[in-house]
Amino acid sequence: MSSVAAPNIDTIVSLAKRRGFVFPSSEVYGGLGSAWDYGPLGVELCNNVKQSWWRWLVYERDDIEGIDSSIILNRLVWKYSGHEATFNDWLVDCRKCKGRFRADKIIDNKCPSCGASDWTEARPFNTMLQTKLGAVADDDPAALAYLRPETAQGIFINFLNVQTTMRRKLPFGIAQVGKSFRNEVTPGNFILRTREFEQMEMEYFVSPADEHWKLVDYWVEQYLEWFGSLGLDRDNLYLYEVPEEERAHYSKRTVDIMYRYFPEREKPWEELMGIAWRTDFDLSAHSKNKLDADGKRINPDSTEDLSYFDEPTKQRFYPHVIEPAAGVNRTVLAVLMDAYSEKTNDKGETRVILKLSPQLAPIKAAILPLAKNKPEIVGMAKAIKRSLQPVLRAVYDDTGGIGKLYARQDEIGTPFCITVDHQSLEDEAVTVRDRDTWEQDRIKVSDLAEHLQKRLKPYPVPESI
Ligand code: GAP
């Protein structure tokens with residue numbers, strides 16, 4: 001059973017552009033393939049997703065710290081993490097139309113452009129985006145650097161800094177949110193696969209003796225609850241146990257949480273996030289003391305040992321890591337698709353209503369004067385907007401008739417419209433209209449902030465935390 005309300009991604013692309021969520025990037029120069037700019041409402045929605053995540057993990061739990069590391073790291077980080085050698089897509093060229101594709105995305109051995117089945121040999125293509133540091137010659141190999149393809153490595157190389165400064169004992173986690181970059185061969189599907197995107201990653205450090213398999217299940221459950229709190233329907237999420245041949249080089253187990261991004265297709269699922277058991281691979285790989293099977297240092301360049309001394313067992317070891325890695329942009333797309341709905345009013349007009357979870361709605365309340373040529377009403381509406389602003393995001397709008405103003409706010413997911421009318425001047429009360437039911441309540445202005453806050457809160461926090 002599907003309860004996705006948006007019939008396809010294109011419906012969201014058009015709403016997103018029409019209403020100021022997401023614009024195609026660099027449009028004045030004809031665009032840049034698969035790059036998108038977030039507009040006034042899109043930036044609020046992204047920020048609200050990130051804040052919800054940060055609040056849930058870093059504030060509401062007691063075992064997770066946050067950091068913000070550099071995007072450009074020492075190149076050796078990417079050598080020892082394995083990305084220089086293995087962060088590849090396998091490419092094939094169609095000999096007939098010269099199209100270039102990812103080998104693993106070819107269906108039935110047919111070229112997606114011309115239908116031919118005449119391919120070159122598959123060859124690796126490293127998808128890390130390169131740059132050069134400093135005023136150096138183009139071909140100086142010492143100047144080569146990468147824009148990070150995952151935020152995770154910035155966490156691993158800071159493991160000891162965080163553990164010692166915050167006096168942490170295992171188990172504990174480090175969370176980071178920020179931009180990552182991949183030179184994707186076939187980006188596309190709106191904000192689902194782009195070359196520049198944002199990740200919300202958390203590395204949870206545990207003992208080698210812990211039950212890692214079960215810990216992956218634990219974090220899968222936690223994220224299912226969090227996605228539920230963002231308004232995603234459980235029917236639109238699906239768990240995929242990633243087989244060994246598809247897993248990253250560092251993973252002994254990965255479960256992907258997939259979302260129904262393509263309800264109109266035979267294969268509707270695409271990855272929303274992954275939860276991986278990364279073993280002790282990364283902390284060992286960046287450590288100066290770790291030896292290989294022949295007794296040789298695996299990392300002669302590192303100046304630190306990222307091992308951990310466990311007081312209760314008096315043992316020193318490299319912690320294992322459970323990593324839930326989510327994308328901001330894919331979460332935003334899933335949230336928009338799930339929130340999309342249509343409703344027909346008494347006049348038979350169909351309206352789009354974006355039933356966003358109130359915590360994610362870009363605007364929480366719109367203050368609308370019923371008569372914009374009446375200075376007392378306008379003055380009162382503007383004063384209400386100013387008084388609400390310190391507690392929640394509110395806007396004042398008088399750019400149309402009330403029906404049009406309601407429709408506009410419904411379409412961008414504003415939970416409450418506050419109407420100021422002639423009666424308001426007499427009784428110091430306003431009408432509060434609910435986005436989803438269109439029901440209206442009369443509320444005293446003096447009670448308004450508390451009334452709205454009560455209905456916006458508590459933030460639906462997963463119960464098991
Ligand atoms: N540190 C592990 C890691 O990066 P990943 O599965 O490659 O794992 C994690 O990426 C998440 O980042 C994905 O589930 C997805 O949400 C997001 N992501 C990855 N590549 C992306 C891209 N090209 N565009 C948008 N989001 C992307």
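**Note on the predicted model**

1. Start at Ala429. Leaving out residues up to four places away in sequence, Ala429 touches Ser424, Arg442, Ile443, Lys444 and Val445. The model is a predicted one. Ala429 sits in strand β22, residues 429-434. Its relative accessibility is 5%, so Ala429 counts as buried. Ala429 and Leu448 are 19 residues apart along the chain, and their C-alpha atoms are separated by 8.7 Å.

2. Asp421 lies in the loop between β21 (416-420) and α12 (422-427), and Arg442 in strand β23 (residues 440-444), so the pair ties together parts that are 21 residues apart in sequence. Arg442 is partly exposed, at 34%.

3. Next, the overall build. The protein chain has 13 helices and 23 strands. Its C-alpha atoms fill a box of roughly 85 × 65 × 50 Å along the principal axes. Of its 465 residues, 50% are buried. The accessible surface comes to about 22,400 Å². Carbon and sulfur atoms account for 49% of that surface. Take the contacts between residues at least 6 apart in sequence: 64% of these join residues at least 24 apart.

4. Now the nonpolar cores. The largest has 67 residues. Which residues have the most contacts inside it? They are Tyr223, Phe227 and Tyr261. Phe227 touches Leu232, Leu237, Ile257, Leu272, Met273 and Thr331, again not counting residues up to four places away in sequence. A second, separate core has 19 residues, among them Ala381, Ala394, Phe416 and Ile443.

5. Arg330 deserves a look. The residue is found in helix α9, residues 328-339. Arg330 is buried yet has no salt bridge. Where is the nearest side chain of opposite charge? That is Glu270, 4.3 Å away. A salt bridge needs the nitrogen within 4 Å of a carboxyl oxygen. Beyond its neighbours within four places in sequence, Arg330 is in contact with Leu192, Arg193, Tyr261, Glu270, Glu271 and Leu272. Tyr261 is among the residues with the most contacts inside the largest core. Leu272 is also touched by Phe227.

6. Salt bridges in total: the structure holds 32. One of them joins Glu411 and Arg18, with the closest N and O atoms 2.3 Å apart. Glu411 is in helix α11 (residues 402-412) and Arg18 in helix α1 (residues 9-18), so this pair ties together parts that are 393 residues apart in sequence. Is each partner buried or exposed, or in between? Glu411 is buried, with a relative accessible area of 9%. Arg18 counts as partly exposed, at 46%.

7. Two further charged groups. Arg61 forms a salt bridge with Asp63, and their closest N and O atoms are 2.8 Å apart. Both Arg61 and Asp63 are buried. Elsewhere, a network of salt bridges links Glu150, Arg278, Asp282 and Glu323.

8. Arg351 is another arginine to inspect. The residue belongs to strand β18, residues 350-354. Its relative accessible area is 17%, so Arg351 is buried under the 20% cut-off. Arg351 and Asp410 are 59 residues apart along the chain, with their C-alpha atoms separated by 8.0 Å. Neighbours within four places in sequence aside, Arg351 is in contact with Ser341, Glu342, Lys343, Asn345, Gly403, Ala407, Asp410 and Trp438.

9. Last, the surface. Which residues make the nonpolar patch of about 220 Å²? They are Ile71, Ile72 and Leu133. Ile71 is found in the loop between β3 (64-66) and α3 (75-80). Ile71 is partly exposed, at a relative accessible area of 31%. A patch residue needs over 30%, so Ile71 passes that cut-off.

How values were computed: Residues are numbered from 1 along each chain as its sequence is written. This is a predicted model: local features need pLDDT of at least 70, side-chain atom pairs count only at pLDDT 80 or more; totals for chains, interfaces and linings use all residues. Side-chain values use heavy atoms; hydrogens and water are left out. A nonpolar core is a set of buried Ala, Val, Leu, Ile, Met, Phe, Trp, Tyr and Cys residues joined through side-chain atoms within 4.5 Å. Buried means under 20% relative accessible area, exposed over 50%, partly exposed in between (1.4 Å probe, protein chains only). Contact means heavy atoms within 4.5 Å. Patches are made of residues with over 30% relative accessible area and no salt bridge: like charges are joined within 9 Å, nonpolar side chains (Val, Leu, Ile, Met, Phe, Trp, Tyr) within 5 Å. Accessible areas come from the Shrake-Rupley method with a 1.4 Å probe; for residues, only the protein chains shown count as cover. Helices (H or I, at least four residues) and strands (E, at least two) are DSSP runs, numbered from the N terminus. Lys and Arg count as positive and Asp and Glu as negative; His and the chain ends are not counted.
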